[in-house]
Amino acid sequence: MAGMTSDADDVSLGTNKRYHDAIVHALGERIVGGALAAGASIGTEQELCDHFGTSRTVIREAIKILSAKGLLESRPRSGTRVTDHSEWLLLDPQVLAWRLGAENGSERARIDLYELRQSFEPAAAELAAARATPQTLQKMKHALLGMTLASTAEEKIEHDLAFHTAILAATGNAFYLALGSLISAGLKHVFKAGLQRTAKEDERWIRRHQNVYEAIAGADGPGAAEQMKNLLREALEVQKLKLPQSEN
């Protein structure tokens, strides 16, 4: 099948992982990564069964999941085909993770995610400064402590994510929190970009977060927004991203 490589090389259908999850991941990565272009057929059910060594039931379930993410569509007489990029649910955690992990287009995905964060995280920090409770402030403080004491990359990422999630929760706005949950998978990819910092750089990075926390704890809305902007600007530098310039 075009765009496909050996299933033995690409997919491990172990007993501890449901078959359709492994197939969803394999096909999703190929679609988002560009190996299967828009309009391309993914093959017949029987071809997919033979390729992945599984049943039609499993294949149908995988196709159903990918279709729900906007990556595939099935039509009579034309089979199941890859949809155009504009149809994809880009904030779906798996789709976002595949896009950020793709060899082609991952930088554009990181820029898109940065611009999204730039548009709502400063506003969320400002709102959190007005609405934070002792409980939500404690969660931020706990995350900061975790970032300071973390001994592994995974721990740093989890505490960094917990800090940003706590800010969104402090807004009391369900949509902010839901948006944070949607992009959490993407943020994990982004946070990994800064893990090779020196001790001095790491100290400055934690201090940026501390500045955001102090502004929120001090009920300084404009200050919280500005400190979050500073944090995001540093994130841009760490990731070495170049934002598109306006033509005007």
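A salt bridge is a side-chain nitrogen of Lys or Arg within 4 Å of a carboxyl oxygen of Asp or Glu, and a search of the whole structure finds twelve of them. The structure is a predicted model, in which local features need pLDDT of at least 70 and side-chain atom pairs count only at pLDDT 80 or more, while totals for chains, interfaces and linings use all residues. Residues are numbered from 1 along each chain as its sequence is written, and side-chain values use heavy atoms, with hydrogens and water left out.

**Arg207 and Glu214**
- The side chains of Arg207 and Glu214 meet in a salt bridge, with N and O at 3.2 Å.
- Arg207 is partly exposed at 41% relative accessibility, and Glu214 is partly exposed at 38%, where buried means under 20% relative accessible area, exposed over 50%, and partly exposed in between (1.4 Å probe, protein chains only).

**A network of salt bridges**
- Salt bridges that share partners join Arg99, Arg108, Asp112 and Glu115 into one network.
- Within helix H6 (residues 106-131), Arg108 and Asp112 lie four residues apart, about one turn of the helix; helices are DSSP runs of H or I with at least four residues, numbered from the N terminus.
- The closest N and O atoms of the salt bridge between Arg108 and Asp112 are 2.5 Å apart.
- Arg108 counts as partly exposed at 37% relative accessibility, and Asp112 is partly exposed with a relative accessible area of 28%.

**Arg75 and Glu73**
- Arg75 pairs with Glu73 in a salt bridge whose closest N and O atoms are 3.6 Å apart.
- Arg75 is exposed at 51% relative accessible area, whereas Glu73 is partly exposed at 33%.

Notes:
Helix = DSSP H or I, 4+ residues; strand = E, 2+ residues; numbered from the N terminus.
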